[in-house]
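Please keep the structure open beside it as you read.

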Amino acid sequence: MPLFISYVSYSNSGIKGLVDKPADRTAIIGAMIEKAGGKLQGAFMTTGAHDALIVAEFPDGADAVAIGMAAAASGAIAKIETVRAWKMGDFKAIAEKAAKLASVYVPPGK
């Protein structure tokens with residue numbers, strides 16, 4: 001299944017909820033992902049530009065986006081970015097396709 005990474009930033013109300021009722025949210029996140037047909041690979045709290053990082057497999061990118069939308073609709077999430085990820089070995093085939101297409105690409109203004 002395709003792998004997706006979501007970078008999550010909590011809203012002020014989301015942070016307040018974490019402080020008011022500290023909890024390991026892994027089970028909640030995992031249950032939501034499973035309901036969408038996915039599989040949680042990891043859930044992490046982070047420092048820096050984002051508060052959390054979620055790694056999950058989904059059959060389709062639309063499922064990954066729907067999870068983010070549902071969580072954001074609660075008001076607890078200020079920002080969520082979801083990206084598709086490939087294992088390094090799997091990405092080789094994509095790079096090979098790009099190499100074949102590079103010769104036919106015409107840059108803007110040329």
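**Notes on the fold**

1. Strands here are DSSP runs of E with at least two residues, helices are runs of H or I with at least four residues, and both are numbered from the N terminus. This is a predicted model, in which local features need pLDDT of at least 70 and side-chain atom pairs count only at pLDDT 80 or more, while totals for chains, interfaces and linings use all residues. Residues are numbered from 1 along each chain as its sequence is written, and side-chain values use heavy atoms, with hydrogens and water left out.

2. Next, the sheet. It is open and built from 4 strands in the order S2-S3-S1-S4, with antiparallel pairing; two strands pair if DSSP finds at least two bridges between them. Strand S2 (39–45) and strand S4 (77–85) are the edge strands, each pairing on one side only. On average, neighbouring strands of this sheet are turned by 15° against each other, direction ignored. As background, strands of a sheet pair through backbone hydrogen bonds, either parallel or antiparallel.

3. How many bridges join S2 and S3? There are 6, in the antiparallel sense. The hairpin of these two strands has 6 residues between them, and there Gly 48 takes a positive phi near 110°.

4. Now follow S1 across to its partners. It pairs with strand S3 (residues 52–57) over 6 antiparallel bridges; within that pairing, Phe 4 has Ala 56 as its bridge partner, and Ser 6 has Ile 54.

5. Why is S1 described as largely enclosed by the rest of the structure? Because 6 of its 8 residues are buried. Buried means under 20% relative accessible area, exposed over 50%, and partly exposed in between (1.4 Å probe, protein chains only).

6. Take a look at the largest nonpolar core, which has 11 residues in all, including Phe 4, Val 8, Tyr 10, Ile 33, Ile 54 and Ile 67. Such a core is a set of buried Ala, Val, Leu, Ile, Met, Phe, Trp, Tyr and Cys residues joined through side-chain atoms within 4.5 Å. S1, S3 and H3 each supply at least two residues of this core. Ile 33, leaving aside neighbours within four places in sequence, is in contact (heavy atoms within 4.5 Å) with residues including Leu 40, Ala 56 and Ile 67.

7. Helix H3 (residues 61–72) lies across S1 and S4, running at about 170° to S4. Axes are lines fitted to C-alpha atoms, for helices over the stretch in contact, and angles run from 0 to 180 degrees between N-to-C directions.

8. Ser 11, in the loop between strand S1 (3–10) and helix H1 (12–20), counts as buried because its relative accessible area is 13%. Beyond neighbours within four places in sequence, Ser 11 is in contact with Gly 75, Ala 76, Ile 77 and Ala 78. Val 106 is found in the segment after helix H4 (88–102), and it is exposed because its relative accessible area is 54%. Val 106 and Ala 62 are 44 residues apart in sequence and 31 Å apart in space, C-alpha to C-alpha.
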